[in-house]
Amino acid sequence: MVSVRKSHQMSKTSFEQWLSSLELSEAKHQALESLWSQVAQYFDAQEECYSKSLEMVEILSALNLDKDSLCAAFLCPLFEYNCITLEFIEENFNKQIYSLCNGVNQMEAIKALQQSQSNQVSAGQVDNIRRMLLAMVDDVRAVVIKLAERLCHLRIVKNSDEETRVLAAKETANIYAPLANRLGIGQLKWELEDLAFRYLHPDVYKKIAKLLDEKRLDRERYMADFVGNLTGQLKELNITGEVYGRPKHIFSIWKKMQQKSLDFEQLFDVRAVRIVVEKLQDCYGALGIVHTSWKHLANEFDDYVATPKPNGYQSIHTVVLGPEGKSVEVQIRTQQMHDDAELGVAAHWRYKEGTASGKSKGFDEKVSWLRKILQWQEDVTESGELIDELRSQVFEDRIYVFTPSGDVIDLPINSTPLDFAYYIHSNVGHCCIGAKVFGRIVPFTYRLKTGDQVEILRSKSPNPSRDWLNPSLNYIHTPRARAKVQHYFKLQDRDKHIITGKDLLDTELAKLKLSHVDLMMTSKRFNIKSIDDLYAAIGSGNARLNQIVNFLHHQDEKSKPVEELDPSSVIKQPSQTQKTAIDSNGITVSGVGNLLTHMAKCCHAVPGDPITGFITQGRGISVHRDDCEQLANALKLQPEREVEVQWGKQDNKSYQASVKIIGSDRQGLFRDVSTIIANERVSIIGIESHTDTHKQTMSMLLKLELANNEVLMRLLTKLLQLDDIVEAKRL
């Protein structure tokens, strides 16, 4: 069920009352009080932002996070709503708070994981995800703050339109709830799942909630008797513990109904209790009491104390037939197990401060998992599958298999023995010639299942097969294993690729009669370390031969001495009847007749601009705007080449101009810009755009086709009148 917190009813005037109600330690209380005095003014007219800050702090205080985390959580909504900047946080607060806020901001990259299953990943996406991983590994508290922020966001969109609610719910169900589960933070996982389920399946959610409510009184009366009986039996055996009814999570009820094809009345955990004891041995003492007092269902017993789940979860689960033959689920755990189950990594945040050495194992395991992902990134980035690998490691169903020595290996579902081998080590995978499951030889296409004990048969030397890379043969499932095999063959084929690449390049250079070329400079230009690497890249197809040859040809042309050309050679002989002529570009040159002219691409002059001509070598007169920097530089060196030109009569001719637009990033901005451009009857012939997620800004570079300077000035004026446009200028 969804929690209701004190912050939901708070107003700005009651901050002190709210803060006191949290019953925080003196240090946390003072830190938040001091923070409020510094930033209270920035919440003006931002009631939603204020409520979100309060709720995030309340969520994290229940998880026992430290004062820096609570302060960072309070500041994050202010940054999100553009009330303050990261620079402001860096200048006014300590390094820890700034680092946490920056880490939460970098985790926005996790949204890229919602993209399609395509392996085409841009360099920008890879870089963003790498920063996100670094933030997660550097301080896992940033992850917990982000999860709390998403929980608040789900509440905020409650009254939004259906599309907004569904998008937020899908993001939570696909990304954040599984991440909370992977890090063992059950307290957030359940609430994230219930809220997402409420938006995605509102009718089913209401139906289950109604069924729970209808049976509530009978169930409460039944459970009170059951809890009282059990508590009395524990006291008789001197077992210190607390027995209480367990909260009902609607999503888990629905999920169990779907998985087991059960009706609501057939569910075991609608009636559920939890026993929390002091010592480990008391768990089994309490279990003995439960099984002695009531008949248990053998198929519904799980001992996660003896065999913990991979995310560290420990508890004993059993289902018994209580009074009146009604099923009751019983969970038994120690207080430490309970804290780990509800808080996950949040229970061990003190590990970074060295004050919880006895409790750092769970934290260490989870951070180790994050570091493992980070180590794999270089392998999978090469094959363009970083996002798929991260998605499979965090957000897909997992299987857990054993090595012959009993170590548990965590793999994506549908993994094969080869995936297992490459998980152990690259050389184990390269030398793999077979596999055994429970001592029985299985094919490479065998799909491993949870509980399998896998042994890899190895040869003395590496000998992977190219068939392993064929997706239709199903030898390999994980992107990591596939990347390792690809890397192996890439290294094996290097010598052959070098020979092939050198032959291809020499052939092309011979055609162009280029003999003296600097291949080392060329390698650096294409971010390649050595000449051999350049040949290998050409031979393997990782570098385009045409691009390299064109670059070398251009460098050769630049190195040739410039031939002097008589400026008069570019002037055509004027006709007997006309001293001043108009060329095809609509340009007239005073008193010298018809000339070869072209519009300079450095400044894109359009009719109405003041212009000047410059006599080039072999290409006639280039026409520049008077304020063109390249023209100014050329005239400093050769002032004698300047020639006076004017605009002639325009016969509906169009010209090109480039415009740069900078503004705040918002939905629909490009639509508004393109509408204004269309209304002015201007054509867009090219566009480049870039969004800065940190600064929440966007920039567009538009290449336009228009009639004259007057149209361009009118267009720029109208663009500047748009909301959120900061700058619109001609380049």
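Look at S683 to start: its bridge partner is E705, which sits in strand β20. This is a predicted model, so treat what follows as a description of a prediction. The two strands behind that bridge are β19 and β20 (residues 697-706), and they pair in the antiparallel sense over 9 bridges.

β19 and β20 belong to an open sheet of 4 strands, in the order β19-β20-β18-β21, with antiparallel pairing. Which strands stand at the edges? They are β19 (683-692) and β21 (725-730); each has a single partner strand, so one side of each is left without a neighbour in the sheet. If you compare the directions of neighbouring strands in this sheet, you'll find them turned by 15° against each other on average, direction ignored.

Helix α26 (residues 669-679) packs on it and touches β18 (655-664), β19, β20 and β21. The direction of α26 makes about 20° with that of β20. Then there's helix α27 (residues 709-720), which lies across β18, β20 and β21. Against β21, helix α27 runs at about 170°.

Next, hop over to a place where two helices meet. When helices pack like this, two things describe the pair: the angle between their axes and the distance between the axes. For helix α18 (residues 417-424) and α20, the axes come within 9 Å and cross at roughly 75°. An angle from 65 to 115 degrees counts as roughly perpendicular, so that's the word for how α18 sits relative to α20. On the α18 side, the contact is made by D419, Y422 and Y423, while α20 brings R480, A481, K484 and V485.

You'll find R480 in helix α20 (residues 479-492). Is R480 buried or exposed? Its relative accessibility is 12%, and buried means under 20%, so R480 counts as buried. What does its side chain reach? A polar atom of the R480 side chain lies 3.3 Å from the backbone oxygen of Y422, and Y422 is one of the α18 residues in the helix contact.

Last stop: helix α6 (residues 95-106), with 12 residues. From its first C-alpha to its last, α6 reaches 16 Å, close to the 16 Å expected at 1.5 Å a residue.

How values were computed:
Residues are numbered from 1 along each chain as its sequence is written. This is a predicted model: local features need pLDDT of at least 70, side-chain atom pairs count only at pLDDT 80 or more; totals for chains, interfaces and linings use all residues. Side-chain values use heavy atoms; hydrogens and water are left out. The expected span of a helix is 1.5 Å times one less than its number of residues. Two strands pair if DSSP finds at least two bridges between them. Axes are lines fitted to C-alpha atoms, for helices over the stretch in contact, and angles run from 0 to 180 degrees between N-to-C directions. Contact means heavy atoms within 4.5 Å. Buried means under 20% relative accessible area, exposed over 50%, partly exposed in between (1.4 Å probe, protein chains only). A polar contact is a pair of N or O atoms within 3.5 Å; within protein, one must be able to donate a hydrogen and the other to accept it, and residues adjacent in sequence count only if both atoms are side-chain atoms. Angles under 35 degrees count as roughly parallel, over 145 as roughly antiparallel, 65 to 115 as roughly perpendicular and the rest as oblique.
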